[in-house]
Amino acid sequence: MGAGKSTALEALQRLGAAVISSDAVVHELYAHDVGLREAVLERWGPGVVPDGVVDRAALAERVFANREEREWLEGLLWPLVAERVTQWLSEVRATRPAPRAAVVEVPLLFEAGLEGIYDATIAVVAEEQLRRERAAGRGHALASERDARQLAQSEKAERATYTVTNDGDESELQERLEAILCDLGDHAP
């Protein structure tokens, strides 16, 4: 949280990449997948699905601090997200002219062990204090349960194909991402 993944995704889109956010896919699934809503309702009751709508804050209270509950939800969500991303990638591959790249934002990519299914990975990192300030500016705190769930930024940076330090303004971030897209284009088959 607060490193700038969403801002980087927007910049990549401006630079000609097709983009999708797995978080946005989860939002879409909560809103439109009746089976998912019913499973969440059955597991946690109407307090989590008031008026037929998944309350993400109420859901987060139940899953982030409880490994078993989080794993149950991830086991339900991740296959649905993977199916939607696979469908999206098929659509992108059929697009003409082709975009510069197809970028999937996956906040827990390394934690889920999914890095091997992508041609390259980009870790967006920022200094801890800056992350906290950004999160607070959006009305979020870096919840210890969420932060504990994620690998350290240094480990993500070590495992990624590319690392972008997002410590400046959006134009600097976009320049760094442009360099990555150029490098990827130089290595395209």
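## Helix 4

Ala58, Leu59, Ala60 and Val63 are buried in helix 4, where buried means under 20% relative accessible area, with a 1.4 Å probe and protein chains only. Helices here are DSSP runs of H or I with at least four residues, strands are E runs of at least two, and both are numbered from the N terminus. The model is predicted: local features need pLDDT of at least 70, side-chain atom pairs count only at pLDDT 80 or more, and totals for chains, interfaces and linings use all residues. Residues are numbered from 1 along each chain as its sequence is written, and side-chain values use heavy atoms, without hydrogens and water.

The N-terminal end of helix 4 is capped by Asp55, with a side-chain oxygen 3.1 Å from the backbone nitrogen of Ala57.

## Nonpolar cores

A nonpolar core is a set of buried Ala, Val, Leu, Ile, Met, Phe, Trp, Tyr and Cys residues joined through side-chain atoms within 4.5 Å. The largest one has 23 residues, of which Tyr30, Val40, Leu59 and Leu73 touch the most other members. At least two residues each come from strand 1 (18-21), helix 2 (22-32), helix 3 (34-44), helix 4 (56-63) and helix 5 (67-93). Helix 5 gives the largest share, seven residues.

Leaving aside residues up to four places away in sequence, Leu59 touches Tyr30, Val40, Trp44, Val48, Val54 and Leu73; contact means heavy atoms within 4.5 Å.

## Strand 1

Strand 1 is covered on both faces, with Ala18 and Ile20 buried on one side and Val19 and Ser21 on the other. Strand 2 (residues 102-105) runs parallel to strand 1 and is joined to it by four bridges; two strands pair if DSSP finds at least two bridges between them. Opposite Ala18 stands Ala102 of strand 2.

Methods:
Buried means under 20% relative accessible area, exposed over 50%, partly exposed in between (1.4 Å probe, protein chains only). A polar contact is a pair of N or O atoms within 3.5 Å; within protein, one must be able to donate a hydrogen and the other to accept it, and residues adjacent in sequence count only if both atoms are side-chain atoms.
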